[in-house]
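I opened a notebook page for this structure. The entries below follow the order in which I looked things up.

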Amino acid sequence: MNDRHYMKIALELAARGKGYTSPNPMVGAVVVKAGKIVGKGWHEQVGGPHAEVNAIDDAGDLAAGSTIYVTLEPCNHQGRTPPCTKKIISAGIKHVVMAMKDPNPDVSGGGGEFLNQNGVTVESGVCEAEARRLNESFIKYISTKRPFVTLKCAATLDGRMATRTGDSKWVTGELSRKYVHELRHGVDAIMVGNNTVKSDNPSLTTRLDDKQGLDPIRIVLDTQLSIPKDSKLLQIPSGSDTLIITGNSKPSAKRDAILQMGVKIIDAALKDDRIDLDALMDQLGKRGITNLLIEGGAQVAASALQAKIVNKIIFFYAPRILGGDDGVPMCSGAGPELMADSIPVRDITVRQFDNDIMIEGYLS
C-alpha cells in the first residue's frame, strides 16, 4: 500500500467530523506499522481530543516505531487540548505524513518543524488537494476571518424556483431535499431573506435519518424588521440562535417583542437600501461563523452574487418545466448586459439524486 492509500482512509475518517468540529478543521489520522493499520482516529467534536490523539490511543503500544498519516499538520500549541506534536513524540512515532500544512498564518509550519527537531521525519503534500477541499471553509475563515459562503438553489429545467403564485413544494425530489439537510448539518449558519420567511415560513432546522444533526444558526435578512411575529423561525425550540439582520435600529414594540422571544437582532450597514452583504460577512466572521449556506430567495441570491461573497454554488435542477416567464427565477434583478460579464464557474462536479441533477462549482 502506498501513502495515498492510507491518507485517503485518513480523509474518510476526517469527514466523519463534518458539522461537529467548527470552528476547528476536520482531521483524520491513521497509524501504520509494518504495512498494517494499527490505529485510527478523527477529531470528533470541538473541544475533544484531536485526531492524532485518538489514533495513537487506538494503536496503544504498537504506535512505537510507526508512521502516522494525518490530514493536517499536527498542532504545536496549547489550545483547548495539549499539542499533538508532543503526543506523537512521546508515543515513539518515527515518521509523520501529512496532507497539508496548517493554513493558520499564526502557526503554519510550527508543528512540522518541532517534530523534525525532535527526530521525527515529516513529509507533506500527500492528497493535499483533497484535504484542502475537505477543509475549504476552515481555510477561508482562518486566513480572512470571513465565512466560506455556499449559495444553494433548486429550480425547474427552465430556471424557476416557484410558480407565479409562489408555490415551490416541491421542486426537487426527496433525495435532493435529504441532501440539503446534510448541507445544513455541515454549516455554522443558514441565511434567507424575509420574503422567503413570509412565503414559505421555513424552520431552517436539520433533520437527518441516521444521526443527530445539528441545527445551524438561522439568519434572516430583514431590512425593515417586518418579519411576521408568528414565523416558525421565531418560535421553534433549538440549540442554535436565530439572528435577524436589520438596517432598522429604532426602538419599537415589535423589536422588544422579538427580543423577548430569545431572538437576536443585529443592526447592519445598508447599501442601496438593502443589507450590505459584503460588510455583513465581516460581522458574521467576528461572531465565529466559519461557513454560511444561503438558501434564498431570488433577491438574496442575486445580491450575494453581485456582492461577490459567494465561494461555491450548489444548484439542483428537477426534471420539470413550467413553460412560462411568470414564475420565480433563481435570481431576481438586473443582470449584466453582456455574456462576457457573466460569472464563470470552475471545478464543476455533477451528481444525480433520483431524477434531479445537482451541479456544484466554485466562483473566483
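Predicted model: local features only at pLDDT ≥ 70, side-chain atom pairs only at ≥ 80, totals over all residues.

Residues are numbered from 1 along each chain as its sequence is written, and side-chain values use heavy atoms, with hydrogens and water left out.

I looked up burial next: 49% of the 364 residues of the chain count as buried (under 20% relative accessible area, 1.4 Å probe, protein chains only).

I then searched the whole structure for aromatic pairs and found 4 (ring centres of Phe, Tyr or the six-membered ring of Trp within 6.5 Å; planes under 30 degrees apart are stacked, over 60 edge-to-face, the rest tilted). One of them joins Tyr 179 and Phe 316 edge-to-face, at 6.4 Å centre to centre and 65° between the planes. Tyr 179 lies in helix 7 and Phe 316 in strand 15, so this pair ties together parts 137 residues apart in sequence (helices are DSSP runs of H or I, at least four residues; strands are runs of E, at least two; both are numbered from the N terminus).

I also checked Tyr 179 against Phe 353: the ring centres are 5.0 Å apart and the planes at 35°, so the pair is tilted. Phe 353 is in strand 17, 174 residues from Tyr 179. Tyr 179, Phe 316 and Phe 353 form one aromatic cluster.

Conventions:
Buried < 20%, exposed > 50% of the residue type's maximum accessible area, 1.4 Å probe, protein only.
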